[in-house]
Amino acid sequence: MTATASSVEKGESLLNTGLTLQAMGVDTIVIRHPHSGAPHFLARNLTDVAVINAGDGTHAHPTQALLDLYTAQSHLGDLAGRRIVIVGDVLHSRVARSAVWGFARLGAEVVLSGPATLMPEAFTPMGWSDLDLAVRGADLVMALRLQSERQHGGFFPSLREYVRRWQVNEARMGLAKSGALLMHPGPMNEGVEVSTSLAHGDRSLIEQQVTNGVAVRMALLYQVASSANTGT
């Protein structure tokens, strides 16, 4: 359901919407919300419903991060000790925040790169402004989308300058480990964050990320349906 198709459009609060769904007997609410903290707010206030965060504001996107970890493990195996480089608009990326936590939790070395103006202060110690240095020895490079809809100031001089300094391309991947892989959580501004040839090349796991996302979601729906049919 979307906000425009619910009573939120009529002025109902998020809490009242959650309470209404709980009263209807739902077991789980999967929520994507423009405001950071909305899923946590619902989880604190709904006693009989499980809440899954599918992305809240610029805070976190744990479901996407789990899918990306699965994709990375499928190709790299154990992630402990692997060098993972995340490049781009870290400041506005909820995916980046969850990915940093997830990869680090599994023992990977996480390195961030991008314009200093797009690097959260909390992540500064792991941030590299020079992508050419950051990618050296990388096992996997994840490019992030430039979220222009959330940018309300001059975070970098121009798009041309961004492409010159932070686009993931063949030359930069050549500085990474032999066989290093490319990921992008999507949607992708092809030719900006990632060069076109690299996005569709042998090193790219981007389509695999989409496939895994569909597969995991379908498996989850099947599991829920099976549980409902058996009464468990």
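These are my notebook entries on what I looked up in this predicted model.

**Entry 1: ground rules.** I am working with a predicted model, in which local features need pLDDT of at least 70 and side-chain atom pairs count only at pLDDT 80 or more, while totals for chains, interfaces and linings use all residues. I number residues from 1 along each chain as its sequence is written, and side-chain values use heavy atoms, with hydrogens and water left out.

**Entry 2: the whole chain.** I looked up the secondary structure and found 9 helices and 7 strands in the protein chain; helices (H or I, at least four residues) and strands (E, at least two) are DSSP runs, numbered from the N terminus. Of the 232 residues in the protein chain, 42% are buried, where buried means under 20% relative accessible area, exposed means over 50%, and partly exposed lies in between (1.4 Å probe, protein chains only). I also looked at contacts, meaning heavy atoms within 4.5 Å, and noted that among those between residues at least 6 apart in sequence, 66% join residues at least 24 apart.

**Entry 3: helices α1 and α2.** Two packed helices are described by the angle between their axes and the distance between the axes. I found that the axes of helix α1 (residues 14-23) and helix α2 (residues 38-45) come within 10 Å and cross at roughly 50°. The axes are lines fitted to C-alpha atoms, for helices over the stretch in contact, and angles run from 0 to 180 degrees between N-to-C directions. That angle makes α1 oblique to α2, given that angles under 35 degrees count as roughly parallel, over 145 as roughly antiparallel, 65 to 115 as roughly perpendicular and the rest as oblique. I noted the crossing of α1 and α2 as right-handed, the term for a near helix turned clockwise from the far one by less than a right angle, with anticlockwise being left-handed. On the α1 side the contact involves L14, L15, G18 and L19, and these meet A38, F41, L42 and N45 of α2. The residues of this contact of α1 with α2 divide into 6 nonpolar, 2 polar and no charged; Ala, Val, Leu, Ile, Met, Phe, Trp, Tyr, Cys and Pro count as nonpolar, Asp, Glu, Lys and Arg as charged, and the others, Gly among them, as polar.

**Entry 4: helices α3 and α4.** I then turned to α3 and helix α4 (residues 94-105), whose axes come within 8 Å and cross at roughly 50°. That makes α3 oblique to α4, and the crossing of α3 and α4 is right-handed. The contact is made by P62, Q64, A65, D68, L69 and A72 from α3, together with V95, S98, A99, G102 and F103 from α4. In this contact of α3 with α4 I noted 7 nonpolar, 3 polar and 1 charged residues.

**Entry 5: salt bridges.** Side chains of opposite charge can pair when their charged atoms come close. My search of the whole structure returned 5 salt bridges, each a side-chain nitrogen of Lys or Arg within 4 Å of a carboxyl oxygen of Asp or Glu. One of them joins D139 and R82, with the closest N and O atoms 3.1 Å apart. D139 lies in the loop between α5 (131-134) and β6 (140-143), and R82 in the loop between α3 (62-76) and β3 (83-87), so this pair ties together parts that are 57 residues apart in sequence. D139 is buried, at 5% relative accessibility, whereas R82 is partly exposed at 26%.

Another pair is D132 with R172, whose closest N and O atoms are 2.7 Å apart. D132 lies in helix α5 and R172 in helix α7 (residues 170-173), so the pair ties together parts that are 40 residues apart in sequence. I noted D132 as partly exposed at 29% and R172 as buried at 9%.

R164 and E161 also meet in a salt bridge (3.0 Å, N to O); they are 3 residues apart in helix α6 (residues 159-166), and about one helical turn separates them. R164 is exposed at 54% relative accessibility, while E161 is partly exposed at 21%. Salt bridges that share partners join R82, D139 and K177 into one network.

**Entry 6: two loops.** G81 lies in the loop between α3 and β3 and is exposed, with a relative accessible area of 60%. Leaving aside neighbours within four places in sequence, I found G81 in contact with G107 and A108. Most peptide bonds are trans, but I found a cis peptide bond joining G186 and P187, with omega about -10°. P187 sits in the loop between β7 (181-183) and α8 (196-199).
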